[in-house]
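I opened the notebook to record what I looked up in this structure.

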Amino acid sequence: VQTVVTLRSDYNFLANSLKSYVELRLQPSEDKYYAIEIISDPRGKTSFEQIDVQTTNPNLPPTYREVRTTTTDDLRFSVQFAKRIGPFTGRFGIKESTGGIGLDFHLLDDRLELRQDLFGFGETLTPRWRVSLGYEFLRKLWLLGGVDDILNDDRRDYFVGLQLRFTDNDLKTILPFAPSIR
């Protein structure tokens with residue numbers, strides 16, 4: 001089993017904010033892995049509550065419906081299973097605390113990745129669709145860019161980011177130099 005740890009931060013231009021990720025990937029074989037992510041998203045988590053109100057106020061209809069939107073500053077999480085077939089990796093599971101699917105396309109000996117995620121079903125009228133392109137320009141260091149929430153004009157945002165991705169072999173070379181606790 002190989003372990004991959006990813007640290008990532010994206011700058012969202014329109015929201016003028018940072019979104020951060022920590023991912024732990026457990027890879028039992030070359031063609032499949034399980035990913036666990038914790039995400040700090042400045043958008044938070046949005047929920048909707050629909051309330052039917054009955055009133056005796058003569059200026060209002062006797063019955064009307066209120067929709068309340070609540071956004072909280074909660075961390076989001078992802079737990080996904082991924083399977084690779086050739087240059088494509090399909091993913092499904094929980095993406096940012098909602099159901100989601102993803103498709104990745106790998107090029108240039110896996111140093112260039114086109115990632116697509118579709119998730120957020122039920123949070124808004126249309127789901128979130130995120131597309132990003134990542135390039136490993138230095139060993140273990142990736143430059144990323146893309147578009148988030150493509151289908152929702154009022155929530156669409158563009159981002160650039162950096163990602164550090166390392167494996168358990170990288171950790172083995174670092175850990176002997178770490179101070180030990182006795």
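I began with contacts in the protein chain, where contact means heavy atoms within 4.5 Å. Among contacts between residues at least 6 apart in sequence, 39% join residues at least 24 apart.

I noted the ground rules next. The model is predicted, so local features need pLDDT of at least 70, side-chain atom pairs count only at pLDDT 80 or more, and totals for chains, interfaces and linings use all residues. Residues are numbered from 1 along each chain as its sequence is written, and side-chain values use heavy atoms, with hydrogens and water left out.

**Overall fold**

I looked up the secondary structure. The protein chain has one helix and 12 strands. These are DSSP runs numbered from the N terminus: helices are H or I with at least four residues, strands are E with at least two. Along the sequence the pattern reads β-β-β-β-β-β-β-β-β-β-β-β-α.

I then checked the dimensions. The C-alpha trace spans about 75 × 45 × 30 Å along its principal axes. The radius of gyration is 20 Å, while a compact globule of 182 residues would have one near 16 Å. That radius is taken over C-alpha atoms, and the globule rule is 2.2 Å times the number of residues to the power 0.38.

I also looked up burial. Buried residues make up 35% of the 182 residues. Buried means under 20% relative accessible area, exposed over 50%, and partly exposed in between (1.4 Å probe, protein chains only).

**Salt bridges**

How many salt bridges does a search of the whole structure find? I found 22. Each is a side-chain nitrogen of Lys or Arg within 4 Å of a carboxyl oxygen of Asp or Glu.

I picked out Asp41 and Arg128, whose closest N and O atoms are 3.6 Å apart. Asp41 lies in the loop between strand 3 and strand 4 (45-54) and Arg128 in strand 10 (residues 128-138), so the pair ties together parts 87 residues apart in sequence. Both Asp41 and Arg128 are buried.

My next pair was Asp148 and Arg130, with closest N and O atoms 3.4 Å apart. Asp148 is in strand 11 and Arg130 in strand 10, 18 residues apart. Asp148 is buried, with a relative accessible area of 4%. Arg130 is buried at 4% as well. Salt bridges that share partners join Lys19, Asp41, Glu96, Arg128, Arg130 and Asp148 into one network.

**Asp104**

I found Asp104 in strand 8 (residues 98-107). Is Asp104 buried or exposed? Asp104 counts as buried because its relative accessibility is 1%. Its side chain makes a polar contact of 2.8 Å with that of Arg91, and another of 3.5 Å with that of Arg115. A polar contact is a pair of N or O atoms within 3.5 Å; within protein, one must be able to donate a hydrogen and the other to accept it, and residues adjacent in sequence count only if both atoms are side-chain atoms.

**Positive phi**

I read a general point first. Most residues other than glycine have a negative phi. Leu108 has a positive phi, near 50°. Leu108 sits in the loop between strand 8 and strand 9 (112-119) and is exposed at 56% relative accessibility. Asp149 also has a positive phi, about 60°. Asp149 is in the loop between strand 11 (141-148) and strand 12 (157-167), and is buried at 0% relative accessibility.
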